[in-house]
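Q: Take a look at the model below. I have some questions about what its labels rest on.

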Amino acid sequence: MAATSAPSSFAPGTLLMAGLLTVLTSAQGLLTAASKTGGGYAYDFATVPFLSELTKLGISWALLARLRAADPGSVRITRDAKTVALFIVPSIIYMFHNNVQFFFLKYVDPATYQILGNLKIVTTGLLLRVALRRQLSRLQWLALLLLMAGAATSQINTDCSKGTVQSVLHAPVMGYIYGCVSALLSAVAAVYTEWVLKKNNDTLYWQNMLLYGFGAAFNFLNLAHSKAASGRSWYLFEGYSAITWLVVANLAFSGLLVSWVMKFADSICKVYATSLAMLLTTLVSIARFGTQPTLQMGLGILVASVSVVLYYVPPAQLAAAPDYEPVPQREREPGGKLPR
């Protein structure tokens, strides 16, 4: 990949988009859990990403058509086969990543899965450095390590009142191998997608159409395999409820936000948004579902919050002493007495 220098500043609205991505990513897990019926899914889960990709494709096409009607001169589209073919790769990477996730979960418990999953934070930073020649300061590397530590700490659960401690990071060697492969594939997908979106000045809506067009094609193949293996009918909406449609919509809009963040910010911004979403989900679970807060949760959220500040606030501002307005001396009255 060609060298890419880090932008001096993000596009306007990046903070808003990243915040929305955090909220939608957090909501995805909560909505998916709420869509279960009797401990399982009444619908074919393979239909969700397929319908989500179709939704993203349709929205991107509508936005591109609207932009062309309003300002045709601002639309930039590259149609040569070599450029278009580059957008096939993310779909292939994500397809492999989804399969690796399945094997990963076969060898590890949920807590270990969550903790090892945070390796993607560091692998994304390393891949940005190697593939895109992105220079990160020592302070930013420390911030990424803190984010990984905070996210992992928040997932460790202990119950000292009962004299028990949850066993974590005790898994077969294959579990660790799949964890590392999963983190690497996640980083490759994120960094490659950022690179291909920033490779030229094509309109984001057109690039999204390519991304989601190929994504819909690959997800259809996965859906066809699922239908053939299960013998279920080809009625896509079987078992769907209002919450299921919210799952599809939420996944679609969060995907659109990811592409925006990749185009106008970077992969690290996306990593922060998705990592903080896990912590937001924890807070919502405490407030809404009665999950018991733990010291580990509090420490994890605190460390992750400090990481955000260390990564994005310029070092000069971090080291600067706060400005205080000098307190004016009160004038004394004749005789040396202070006025009342």
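Q: What makes D266 count as buried or exposed?
A: The relative accessible area of D266 is 7%. Buried means under 20%, exposed over 50%, and partly exposed in between, using a 1.4 Å probe and protein chains only. So D266 is buried. One caution on all values here: this is a predicted model, where local features need pLDDT of at least 70 and side-chain atom pairs count only at pLDDT 80 or more, while totals for chains, interfaces and linings use all residues. Side-chain values use heavy atoms, without hydrogens and water, and residues are numbered from 1 along each chain as its sequence is written.

Q: How do you know that R134 forms a salt bridge with D266?
A: By distance. A salt bridge is a side-chain nitrogen of Lys or Arg within 4 Å of a carboxyl oxygen of Asp or Glu. The closest N and O atoms of R134 and D266 are 3.8 Å apart. That is within the cut-off, so the pair counts.

Q: What does the pair of R134 and D266 tie together?
A: R134 lies in the loop between α6 and α7 (138–154), and D266 in the loop between α10 and α11, so the pair ties together parts 132 residues apart in sequence. R134 is buried as well, with a relative accessible area of 2%.

Q: What makes R133 partly exposed?
A: Its relative accessible area is 48%. That falls between the two cut-offs. R133 also sits in the loop between α6 and α7. Its phi is near 55°, a positive value in a residue other than glycine.

Q: How do you know that E194 forms a salt bridge with K198?
A: Their closest N and O atoms are 3.0 Å apart. That meets the distance rule.

Q: How are E194 and K198 placed in helix α8?
A: They are four residues apart, which means about one helical turn between them. A helix here is a DSSP run of H or I with at least four residues; strands are runs of E with at least two, and both are numbered from the N terminus. E194 counts as buried at 1% relative accessibility. K198, at 26%, is partly exposed. Salt bridges that share partners join R134, E194, K198 and D266 into one network.

Q: How many salt bridges does the structure hold?
A: Five. Among them is the pair of D44 and K227, at 3.4 Å from N to O. D44 lies in the loop between α1 (14–34) and α2 (47–70) and K227 in helix α9 (residues 204–230), so this pair ties together parts 183 residues apart in sequence. D44 is buried at 8% relative accessible area. K227 is buried at 3%.

Q: Why does K263 have no salt bridge?
A: The nearest side chain of opposite charge, D202, is 7.0 Å away. For charge, Lys and Arg count as positive and Asp and Glu as negative, with His and the chain ends not counted. The distance is over the 4 Å limit, so no bridge is counted. K263 is found in helix α10 (residues 242–264), and it is buried.

Q: What makes K263 and N200 a polar contact?
A: A polar contact is a pair of N or O atoms within 3.5 Å; within protein, one must be able to donate a hydrogen and the other to accept it, and residues adjacent in sequence count only if both atoms are side-chain atoms. The backbone oxygen of N200 lies 3.3 Å from a polar atom of the K263 side chain.

Q: What makes a space a cavity, and how many are found at 30 Å³ or more?
A: On a 1 Å grid over the protein atoms alone, a cavity is a set of points where a 1.4 Å probe fits but cannot get out. One cavity of 30 Å³ or more is found. The largest cavity holds about 40 Å³. Its volume is the space filled by probe spheres set on the points, which are joined across faces, edges and corners.

Q: Which residues line the largest cavity?
A: K120, T124, S186, A190, K270, V271 and T274. Lining residues have an atom within 4 Å of a point. α11 gives the most, with three residues.

Conventions. On a 1 Å grid over the protein atoms alone, a cavity is a set of points where a 1.4 Å probe fits but cannot get out, and a pocket is an open set with protein on both sides within 12 Å along at least five of seven lines; lining residues have an atom within 4 Å of a point.
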